[in-house]
Structures are given as C-alpha cells and as structure tokens.
Amino acid sequence: MNSRERVFKAIRFEGPDRIPVIHDYLPGALLRHGEDLLNLFRKYPNDFLPVEDIKIPPSKPGFYKPDGSYYREYTDEWDLKWAEHQEGIVGQVIGHPLSEWDRMKDYKIPTPAILRPGEKAEAEAKFNKIKESYILWGGGFNFFERMQWLRGYEALLIDMVEDKEEIYLLAERILDEYIIPLVKAYLEIGAEVISLSDDWGTQNRLMIRPELWRRIFKPRYKKIVDLCHDAGALVYMHSDGMIMEIIPDLIEIGLNVINPQFSCLDLKELKRITDRKICISTDIDRQQVLPFGTPEEVREYVRNVFELLACPEGGLIWRGEVGPDVPLRNVEAMLEAFY
C-alpha cells in the first residue's frame with residue numbers, strides 16, 4: 001500500500017495498513033534546525049508529499065536590529081499591514097484596510113495566486129509529478145481569519161453581535177471573489193483534498209456564540225464543502241482552540257478531516273462526538289509536551305492518543321506541529337512513536 005492509498009483509506013475508514021503521517025512544521029523550525037530536521041523527515045517519511053519538496057527558507061538578515069532582535073513590517077496583496085517579531089513565525093496584522101466600512105465599496109479583493117498567469121499550469125505540473133504516489137492536496141485558505149484581518153478583530157466581533165449588514169456583504173465577497181474561484185481552480189487540475197484553516201477557539205471557549213457561528217458561517221462552510229464533494233474531493237480543516245461545540249456541525253455539513261488543538265480539548269469527549277464520523281488529524285500537544293516535555297513524555301502522549309482514538313478501520317492521521325521551540329530529540333521521539 002503506497003502513501004496515496006493509505007491516506008484515502010484512513011480518511012474513508014477503509015482499513016489502512018498503518019496510520020498515515022504528516023510532517024507539519026513552522027518555517028522557524030527549519031530556520032533553527034536546518035538540515036538536521038530534514039534528516040529526521042527523511043528517516044521517518046510522511047505520506048502527503050515528497051520530503052525533497054520541503055525547503056529551508058532563506059533567512060532575512062536585513063531585518064535584524066543591532067541588539068540582535070528581529071522586526072519586520074510589510075504590506076501584503078490584501079493591503080494588510082503586518083508586523084513580525086520572530087523570523088519564521090507569522091506576525092500580527094497592525095493595519096486593517098476595512099477599519100472603516102465605507103472603504104469597502106472601493107476595496108479590491110486580490111486574484112488567487114493559482115489563477116495568475118502560469119501558476120495554474122505550474123500547480124498542475126506538480127500534481128502530475130506526484131499523483132501516482134501521493135494524494136493531491138489543494139486550497140490552503142482561511143475565511144473568518146481573513147475577515148478579522150481586514151476589519152480588525154474587536155470591530156468584527158462587535159459588528160457580529162450587532163448583526164450589521166456589512167458582515168454578510170464581506171463574507172459573501174471573500175467567498176465569491178476569492179475562496180470559490182480558488183477552490184474551483186484546484187478542483188479543475190485534479191485536487192483530491194481541499195484544505196482550509198480557521199482558528200475558532202480561545203483557550204477555553206469559542207470566540208463567538210455557537211448560534212452566531214451557525215447563522216453566519218455554517219451555511220458558507222457548507223457551500224465550500226458541497227462544491228468539493230460535488231467534484232469528488234474531500235475537505236480538511238484546521239482549527240485551534242476550544243471548538244468542541246461546533247465539531248458536530250462540521251460533521252453535519254460533511255467535513256472529512258478535522259485537525260483540532262488537542263491541548264484545549266477533552267480527548268475522551270472528542271472521541272465520543274467524532275467516533276467513526278470524521279477522520280482526526282492529530283495535534284500532539286505543542287503548548288507543553290512537544291516543547292517542554294522529555295522524549296519519553298512525548299512517546300507516552302502519542303501512545304495515549306493511539307489507545308484513545310485509533311481504530312482498525314482508520315479515521316486517524318498522525319500530525320504534530322514542529323515549532324522553533326521544539327527540540328530535535330522530541331521531534332524524533334514523536335516521529336518514532338508514530339511509526
């Protein structure tokens with residue numbers, strides 16, 4: 001059974017020969033560990049793309065101050081102004097182009113990269129290169145987070161509570177002008193899984209009331225999922241924080257794989273509400289265990305996850321995000337335990 005077959009069988013509960021593995025890492029981890037981290041990835045191969053496709057990002061020495069601290073500001077194609085305080089770690093938005101709603105009528109949503117000249121053909125060529133061995137993975141977008149960045153987090157939440165019309169207009173514009181064209185483009189070149197990412201939880205609760213989430217976001221997520229399913233593709237979603245209240249809703253709309261933040265959740269309750277209903281992509285505790293635990297504590301955590309969530313039919317994907325604060329010995333302990 002090759003990686004492609006293994007992943008499909010795990011997601012569809014069709015009895016893979018073993019639990020498939022994702023290598024997940026932040027650019028900062030590659031900057032810190034370099035070739036040593038890549039060697040571990042080679043030793044314990046992942047099932048989602050060739051290891052040679054993982055590249056160490058170039059450093060940005062021009063953004064270091066005389067005292068050794070790092071700081072970078074830049075404006076992206078969405079006209080968002082970002083500030084980074086650590087190289088290889090995504091920064092924070094400090095300039096919101098829709099901080100005033102009257103700017104929306106003139107605001108232009110950028111064209112998805114895959115629809116720009118040459119990009120779609122390049123993506124298709126990459127798919128053709130790996131399609132015999134690996135599942136074809138496309139997408140990589142956010143929705144709620146994009147709205148936060150454009151409007152500003154506090155202002156957006158107040159607007160939602162006040163049920164402002166602009167919230168729905170912005171959601172529809174992002175969906176219709178960016179997400180749907182992006183997803184369609186990936187589906188046209190053969191994507192078999194579409195991924196999205198939206199962090200919906202704080203450490204102990206949802207960022208908004210569940211009923212508000214169900215009114216504004218659930219039907220729009222369903223539109224994305226239905227588009228993918230109609231084309232024969234699966235849907236994978238990452239979401240950090242305490243999101244237990246909406247996982248049944250995500251199952252209801254047809255999500256195929258959920259990647260929640262384990263350190264915020266009761267894993268026994270997660271097992272209860274997801275058992276054989278949706279595939280779980282694991283999140284080995286990256287708040288305490290991976291950065292600060294011993295290798296044996298890492299291995300024990302993986303064993304506990306296996307005993308609680310694994311079943312012979314499938315429904316589990318091994319994943320543990322490697323940040324720059326995770327020592328190599330713990331990366332190896334995690335990957336060794338996966339295998």
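Select Val298 to begin: Val298 is buried, with a relative accessible area of 0% (buried means under 20% relative accessible area, exposed over 50% and partly exposed in between, using a 1.4 Å probe and protein chains only). What you are looking at is a predicted model, where local features need pLDDT of at least 70, side-chain atom pairs count only at pLDDT 80 or more, and totals for chains, interfaces and linings use all residues. Residues are numbered from 1 along each chain as its sequence is written, and side-chain values use heavy atoms, with hydrogens and water left out.

**Around Val298.** Val298 sits in helix H13, residues 295–309 (helices are DSSP runs of H or I with at least four residues, strands are runs of E with at least two, and both are numbered from the N terminus). Which residues is Val298 in contact with, leaving aside its neighbours within four places in sequence? Show Val289, Leu290, Asn330, Ala333 and Met334; contact here means heavy atoms within 4.5 Å.

**Helix H1.** Next, select residues 3–11, which form H1. Just after H1, look for Phe13, which takes a positive phi of about 60°.

**Two loops.** Jump to Asp79, in the loop between strand S2 (72–75) and strand S3 (81–84). Asp79 is not a glycine, yet has a positive phi of about 65°. Is Asp79 buried or partly exposed? At 47% relative accessibility, Asp79 counts as partly exposed. Then move to Arg276, in the loop between helix H11 (267–274) and S9. Arg276 has a positive phi too, near 60°, and is partly exposed, with a relative accessible area of 44%.

**Where H5 meets H6.** Finally, select H5 (residues 144–151) and H6 (residues 153–161), whose axes come within 7 Å and cross at roughly 110°. Axes are lines fitted to C-alpha atoms, for helices over the stretch in contact, and angles run from 0 to 180 degrees between N-to-C directions. H5 and H6 are therefore roughly perpendicular to each other (angles of 65 to 115 degrees count as roughly perpendicular). To see the contact, show Phe144, Met147, Gln148 and Arg151 of H5 with Tyr153, Ala155, Leu156, Leu157, Asp159 and Met160 of H6.

Technical notes:
Angles under 35 degrees count as roughly parallel, over 145 as roughly antiparallel, 65 to 115 as roughly perpendicular and the rest as oblique.
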